[in-house]
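I opened the model today to look up a few things and write them down. The entries below follow the order in which I went through them.

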Amino acid sequence: MSTRAFGSRIQRNIDPQLLRGEGSFVDDIPLANALHVAFVRSPFARARINSIDVTAACTHPGVAAVYTCDNIGDLDLELPLLIPHSSMTDARTQRPLARGDVYYVGQTVAMVVAVDRYTAEDAAALVDVDYDPLEVEIDLEKAILDGSPLVHPTHPNNIAAHLVQVSGNPDRAIAEAEHVTRVRVQVDRSTAAAMECRAVAAIFDRVTGELTVWDGTQAPLSVRGGLASILNIDEDKVRVIAPNVGGGFGQKVLLFYPDELLVPFAARHLGRPVKYIEDRRENFVGSTQERTQIHTIELYAKKTGEVLALRDSFLHDTGAFIPYGIAVAQVASTSIAGPYRIPNIWVEFKAVYTPTVPVTPYRGCGRPHACFAIERAMDQLADDLGLDRFEIRRRNLIGDDEFPKLREGLLFADGLPVSLDSGQYHKALEMLHDKLDVANFAAEQQKAREAGRHLGLGMAFYVEGTGLGPYEGGHIKIHPITGKVYVNTGLTSQGQGHDTVFAQIVSDQLGVKVEDVILVEGDTKAFDWGVATFASRAAVVSGNAIHKSALIVRNKTLTAAANMLEASADDIELRDGAAWVKGTDRQVSLAAVATATNPLRYAFNESAKAATQFAPASRHDGPALGEGQAPGLEATDYYSPPCATWAYGVHGAILEVDPEICSVKVRRYVCIHDCGNMINPMIVEGQVMGGIAQGIGGAMYERIEFDTDGNMINANFVDFLVPYATEVPQVEILHLETPSPLNPLGVKGVGEAGCIPVGAVIASGIDDALRPFGAAPFQHIPITPSMIYAAVTGG
Amino acid sequence: MKPPLFEYRAPRSLKDAIALLAGDSGAMVLAGGQSLIPALNMRLASPSRLVDIQHIEGLKGISVQDGRIVVKAMTRHRQLELSEAAHRANPLIREAMAHVAHVPIRNRGTVVGSLCHADAAAEMPMVLLATDGSVVAEGPRGRREIAAEDFFQFHMTTTREPDEIITEARFSVLPAGAGWAFEEFTRRHGDYAIAAVAAIVDRTSGHVSLAACGISSRPVRLRQSEEIIAKGGLVPDVLKAAGEAAKEAVTAPDDMHASTDYRRHLLAGLVRRAVEKAASRTK
């Protein structure tokens, strides 16, 4: 029997292609005679548009069309609010091209279509827009004050949404508390900075009436639905393909960006292929961002450190529009109690309009913010009560026997009550304690201090609700000629390795090599049903759907092979691409089984001879396909999770702060991680590592800077500091595997895990290192050298 | 991020290149292109003509002669960094060059191009200044040598005339027995300096040379700190005082990467460390 593929460190199927530069991204799709797009974008954070003069641009040589809100027909609309929620009133969304007003620097005002991008940019510069700039307030806390300039006159105090959620009886618990710790924490604006920016290309075939769109999106099926609806075309006539996509991180799950509608519209209008390849500057000023939240969190505790209640009130910056609803704030507010028992919770947020690029989920989606708030508060509580940071957590972590831990009253982003399903939180904490050698650290730290060096130990725990519904599907077919297995699902991949992990799931059930399982996704013609890649859900939702489909195909194969081999299905095993009678050398290849299960008229090869109507083996009474039978070895099934399944982990670091230079060097970084059963530990580690790298960015480097007029002053990779490999520490990863009780594979999501606690870990470590300076705790990320300077000099 | 239209010329002789530059007031020199091409693509620069000097005879190579390391205009950063002759003549150069961006950029970018670009936070202008170096400019009015002290004016501004081409840079050889050091802080490896210091310490002559970048509108010599050390000697208190004195040279305003106060604090520390290290390397 061959070894199980599930759980093995199998190299990724897609890597050779990607590493050799043989990937095919949207810009690689050859489109003869294509036109190219450039946008005219608002230079003001808030302004009235008096007039737009496109005369000079239209007559510029090489220009095919210039569009404004006045000549895009049905597209001159407010884009959809994707996730409605009762906490929002009159939620504001963007128009593809501005009409009347602009709301952030970078908002699309006009679209130029020309023979090449050079010409399109030249002509875009000729579009003359007359603006009356309006007053703006960029600061989140000032934006909600009476008298602050409004982003939307419809929304007093710039409040886009307001929600209070309560679990337990916080009032009573607060009255009983012996101690309260209160901290204010802030996480600043960042952006995903995927390697490939966004891209859209489209062809409209006038003969067939079919629209084909290549879109670097995380959600092709949803884009298809929206395009069909807005452009009023039958869904079957719209094909959306997400080819190789160079990173998504949530930025590419939003639909629609203006270009996603306007490019297909122009392709149909002009009768030529049209392509828009977003450049880096446009990605900074035009594609959605995330992160700014300011929390005031209070922990009400007994003197023992047991936390009885939590109160958290936070502001969430949603930018100029709120197309993705309250998802980020909702995830933050429902993750706020982290891995702790805390039975009584009161959490409130206000989502605030600011005249900046709109905010939608970015890897972590509210979880890093919540983690930063609760973990900084836990550290502070430990300090206040004179307890060790590990001890305060021991006294509050949910015990193994307390699962499922329901937080009644808190509704997660899937609309369902928060229920942490499983975990070994205490064990994870002790693993970190051992691995970091915490017992001996204090002595080491003291010795270093005596030598003038400042070492610190930081740590943070996190939880992550993963694998959200509604559902995904899987289609599996064994190919009759090659015996290879084709798998389809409604997702798309941006580098996660779906093709490998899904193949591992199928390989075990059908006894074929992992490389003989071929995944086709990211194409609405490949699979008709599903949602998208987001919320750490692919392995959980599509993984289980594919698993269920594989079981059906396995049973069909066993039955058919048993017939062919004249044995009982119980005596058949599937391995090495064939069905075998156990303990014998009698076998038939899966290709032959697949052929034989498809009644044929024509004998096109050796296997086919056995499947024709006249073959002795297929002679039976009645029709070739019995009632209820389907040809071939094929199945489709779906998986719809009952609710999110909660992964978790705890990270710790030993770092050194140099007070003369104000630099931070991470000496060790340890991650204890549990995402249930691992399909491929190597891919899990890749996800965790990538997340930690992104977390290091958020902890110390990446901050989108707006000036007071709302101009983004670091919309480039010189000044927006994405950490290089040189800034990312070596990470030691240890796994726990607590199977999820919620799904057949026992898996939990891992896509966002790594980035969640890093900011809290680094802040905790710097606090610890700088204790001799008596500085206030670091409650604001990213932590910059100037902030360390202020701490060490008391400035 | 596509440049507007420009005329591209690739002359074979210096004379032709100068004529092409002189013939179009909107012309710019293209060497390694590591700063100019991004500026073109972002439409921050829109020259009417680009004069590409990479095919001109005699603009390549490194030589050490008469106490000078002569680096011709089309010499790539990486060539100077790896040059054994240059390293033997002045090890400060290689030590500094490891901090100039990243290897792929050093493979294409030129040393002289970086000097002419004159970013106030760039390392090589500071090294030229620390070594009492110079550049040679050639134009319609002939050839002239410009001392580093006179060359760098403001951020991205030099005393090169628009119709001149800088054909070579001249770094001084390290005095025999002198020590050297390069200290820099960047938030990420390879970025422009928040602050950097180059130091040369010669115990024999008592000469100390200190230059800094990232702290002002151009690279600066830290004369006051040099004097403090020359008078007080290479002892800890003096080095600390030299660091403190250097703070006055910081004129850069608060920016997104550093506050002015932090830059002063940082520079003081870098000066102390650089001199200490240079002193430890003297013979």
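Predicted model: local features only at pLDDT ≥ 70, side-chain atom pairs only at ≥ 80, totals over all residues.

Entry 1, domains. I looked up the distance between the centres of domain 1 and domain 3 of chain B, taken over C-alpha atoms, and found 35 Å. The domains of chain B are domain 1 (7-52), domain 2 (62-172) and domain 3 (179-280); such bounds come from an automatic or database domain assignment.

Residues are numbered from 1 along each chain as its sequence is written, and chains are lettered from A and ligands numbered from 1 in the order in which they are written.

I noted 12 helices and 14 strands in chain B; helices (H or I, at least four residues) and strands (E, at least two) are DSSP runs, numbered from the N terminus. The radius of gyration of chain B is 19 Å, close to the 19 Å from the globule rule for 283 residues, so chain B is as compact as a globular protein of that length. The radius is taken over C-alpha atoms, and the rule is 2.2 Å times the number of residues to the power 0.38. The C-alpha atoms of chain B fill a box of roughly 60 × 45 × 35 Å along the principal axes.

An unreviewed UniProt entry lists residues 1-176 of chain B as "domain: FAD-binding PCMH-type"; positions are in the numbering used here, feature names are shortened, and annotations may be inferred rather than shown by experiment. I found this span to be 34% helix and 26% strand, with its end C-alpha atoms 49 Å apart.

How many residues of chain B are in contact with chain A? I found 17 residues of chain B in contact with 26 residues of chain A, a contact being two C-beta atoms, placed from the backbone, within 7 Å. Helix α12 (residues 260-280) of chain B gives the largest share of the chain B side, 5 residues.

Strand β4 (residues 62-65) and strand β5 (residues 68-72) of chain B pair in the antiparallel sense over 4 bridges; strands pair if DSSP finds at least two bridges between them. B:Q65 stands opposite B:R68. The hairpin has 2 residues between its strands, and B:D66 in the turn has a positive phi of about 50 degrees.
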